[in-house]
Amino acid sequence: MQILFQTEYLFHKYKMAHGDLHVNNIMYTYDYNYNIKKKQYYEYRYFDYGNNGVERSIYVPVEKYIPKIIDFDKSLFYLNYMAEANEIITKLMELKIGEF
C-alpha cells in the first residue's frame, strides 16, 4: 500500500514516473516513528475519482520497517517529456516523405 501511495505522490506532486519499479528497487529501512509500546498509523489521503472525487483516507499501521522506492535513474518527468515529444512530433510532421 505504501509503495502505491509513494508512486501516486510522485506523479501528482512532481508529474514523475519511476520508469523501472520492481522488487529490487524497493528498500526496507528502519522507521523512526516505530514505537513498540504505542500503536500508531500513517494516514494516506486520496481522492476517490470513481465517487465524485470524494477525499478518503487509508490508515496503515507504523511497523518497524518501511518500504521506500530507490533507483530513480530511469524516471520520467512528464512536463519535460511531453514538451520534448511534442517537439519531435512537430519536426517529423514537417519532414517530407523522402527525407526519412
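Buried here means under 20% relative accessible area, with exposed over 50% and partly exposed in between (1.4 Å probe, protein chains only). This is a predicted model, where local features need pLDDT of at least 70, side-chain atom pairs count only at pLDDT 80 or more, and totals for chains, interfaces and linings use all residues. Residues are numbered from 1 along each chain as its sequence is written, and side-chain values use heavy atoms, leaving out hydrogens and water.

Let's start with α1. Helices (H or I, at least four residues) and strands (E, at least two) are DSSP runs, numbered from the N terminus. In α1, the buried residues are Gln2, Ile3, Phe5 and Leu10. They line one face of the helix, because they fall within an arc of 160° seen down its axis (the arc is that of the directions from the helix axis to the C-beta atoms). These buried residues pack against the strands below, where contact means heavy atoms within 4.5 Å.

| Strand | Residues |
|---|---|
| β1 | 16-17 |
| β2 | 26-30 |
| β3 | 41-48 |
| β4 | 54-61 |
| β5 | 65-69 |

Over in β2 sits threonine 29. Threonine 29 counts as buried because its relative accessibility is 18%. Leaving aside residues up to four places away in sequence, threonine 29 touches Lys64, Tyr65, Ile66 and Lys68.
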